[in-house]
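Subject: A structure for you to explore

Hi there,

Here is the structure I promised to pass on to you. Have a look at it first, and then read my notes below.

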Amino acid sequence: MPDTIAAISTGAVLSGIGVLRLSGPQAIAVVERVFTPAHGAPMSARPDRLLVYGTLHDAAGAVLDICLCTVSRAPHSYTGEDTAELQCHGSPTVLREGLEALFAAGARQALAGEFTKRAFLNGCLDLVQAEAVIDLIHAETAEAARVAAGQLGGAVSRRTDAVYDALAAISAHYHAVIDYPDEDIPDFKIADYARQMRDAEATLAALERSFERGRVLTAGVPTAIVGRPNAGKSSLLNALLGYDRAIVTDVPGTTRDTISEPVRFGGVLLRLTDTAGLRDTADAVEALGVERSREALKRAELIFLLSDATGELTDEDAALLRQAKAAAPTLLLRTKCDLGEVPCALPADLAGTPILPVSSVTMQGFDALEAAVAARYPTDPGAVAGEMLTNARQADAVARARQSVRAALDALECGMPPDAVLTESEAAMAALGELSGRTVREDVTEQIFSRFCVGK
């Protein structure tokens, strides 16, 4: 039998409310040892999800706080076990002392993600929903929160469960025919099964396509701002952020290190990195900054290559543009256009590169820049909230399931023996089992729940 765990479920900062959470077979008994209702029966006699006013005592029995308590009994709780929650005043000291009192009363410290892991192991959440919990906690934009909330509500799971159930029914029929050849089993409905497999493949293909957008909404787009010294990189970063984050001077080489900040722009979260000017230098400190800039260039998924619009595109600019385009999709931003523009002639091998004049002083060209970013990461107006994949584990499982469904359909339509169709159908089911957690390995679950914070 699992033991009873306890943790602080809110941040370690001053706040109006702080929460202590318990889960396990002795959760209600433990909370009764530290909490005394102001009126009436003890917590074990109270109905589920009723907030009860009373006194929280420390490990020595002294009054620690006047707070609220609620309990939820198995299986109708977040973890599927008996749970209890103390809603205290949000003093880190009160929460810390309250947690020590719970330990003295018989609970132990919860591990990171242990509450949600128990919910998964007890069948209250599947693995996609469990991953959505941490995505919701870490959401940096409203769109990311909506996607995570949709996943937590089962948007992805409903789609994949329907595919799994259809494949399970087909596989059961094939097994019956193969294992019991002398029984009077209905004939295969080839056309019917082919239609179901085509529907399954279409569903999985749509989910597979959703990964790029889902990943962008959840993780953001690593975006490098690069160019020669004094091209206006730090000014652009400050303008996009709306405040002075980077030091700006007329002295080339002012930026000696990379500076990273997130900003919502063009409908997506850009993780901007302002880099040191790319040039050969004898200055040891600046050289370190230049090397970090080159590393940021390699990691980027979108690049803003800056060039001063008041001068022609130099051979050095062109060389940097080639390097940038080889690394990731690149927009050439002709900066300081409020001071005048010299026509930009691109070499033949760079033709077709988007060129946008911008001014970080007047904000000229920022609407066009935002539109260019939005066009690069388009939204799907018809997408249901949460019906998208958000990490590589999910995308890999769905891709393997789709490939196996395709192979099963090909085998079915080519008239291959039943065991060929069965093998591929069961491979698709196994991949979907990994997605939901029905058949996932323990090391994978450990890796997933290691991302969680304590108390969730």
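Let me begin with a term: a salt bridge is a side-chain nitrogen of Lys or Arg within 4 Å of a carboxyl oxygen of Asp or Glu. R406 and D410 make such a pair, with their closest N and O atoms 2.9 Å apart. Please keep in mind that what you are looking at is a predicted model.

Where do R406 and D410 lie? Both are in helix α12, four residues apart, which is about one turn of the helix. R406 has a relative accessible area of 30%, so this residue is partly exposed. D410 is partly exposed too, at 34%.

**The chain as a whole**

The secondary structure of the protein chain comes to 14 helices and 13 strands. Of the 456 residues in the chain, 46% are buried. Among contacts with a separation of 6 or more, 65% are between residues 24 or more positions apart.

**More salt bridges**

How many salt bridges does the structure hold? There are 26 of them. One is formed by R118 and D3, whose closest N and O atoms are 3.1 Å apart. R118 belongs to helix α3 and D3 to the segment before β1 (5-8), so this pair ties together parts that are 115 residues apart in sequence. Are the two partners buried or exposed? R118 has a relative accessible area of 8%, so R118 is buried. D3, with 36%, is partly exposed.

Another salt bridge joins R322 to D349, and here the closest N and O atoms are 2.5 Å apart. This pair also links distant parts of the chain: R322 sits in helix α10 (residues 315-327), while D349 is in the loop between β12 (330-335) and β13 (355-357), 27 residues apart. R322 counts as partly exposed because its relative accessibility is 35%.

Next, the rings. When two aromatic rings pair up, the distance of the centres and the angle of the planes describe them. The count here comes to one aromatic pair. The ring centres of F120 and F449 are 6.1 Å apart and the planes stand at 40 degrees, so the pair is tilted. F120 is in helix α3 (residues 114-121) and F449 in helix α14 (residues 442-449), so the pair links parts of the chain that are 329 residues apart.

For packed helices, the description uses the angle between the axes and the distance between the axes. The axes of α3 and α14 come within 10 Å and cross at roughly 145 degrees. This crossing of α3 and α14 is right-handed. Which residues meet there? From α3 they are T116, K117 and F120, and from α14 they are T445, E446 and F449.

**A charge over two rings**

Now find R21 in your viewer. R21 lies over the face of Y78, at 5.7 Å from the ring centre. R21 also lies over the face of F115, where the distance to the ring centre is 5.4 Å.

L412 is another residue of helix α12 (residues 392-413). Is L412 buried or exposed? L412 counts as buried because its relative accessibility is 6%, and the cut-off for buried is under 20%. Leaving aside neighbours within four places in sequence, L412 is in contact with Y174, I190, Y193, A194, M197 and V421. One of these, Y193, is 219 residues away along the chain, yet the C-alpha atoms of L412 and Y193 are separated by 8.4 Å.

T439 is in the loop between α13 (418-436) and α14. With a relative accessible area of 46%, T439 is partly exposed. Not counting residues up to four places away in sequence, T439 touches A430, G433 and E434. T439 and M429 are ten residues apart in sequence, and their C-alpha atoms are 9.6 Å apart in space.

Enjoy exploring, and write back with any questions!

Best wishes

Note on methods: Residues numbered from 1 in each chain as written. Predicted model: local features only at pLDDT ≥ 70, side-chain atom pairs only at ≥ 80, totals over all residues. Heavy atoms only, no water. Helix = DSSP H or I, 4+ residues; strand = E, 2+ residues; numbered from the N terminus. Buried < 20%, exposed > 50% of the residue type's maximum accessible area, 1.4 Å probe, protein only. Contact = heavy atoms within 4.5 Å. Phe/Tyr/Trp six-rings, centres within 6.5 Å; stacked < 30°, edge-to-face > 60°. Lys NZ or Arg CZ within 6 Å of the ring centre and 35° of its normal. Axes fitted to C-alpha atoms, helices over the stretch in contact; angles between N-to-C directions. Left-handed = near helix turned anticlockwise from the far one by under 90°.
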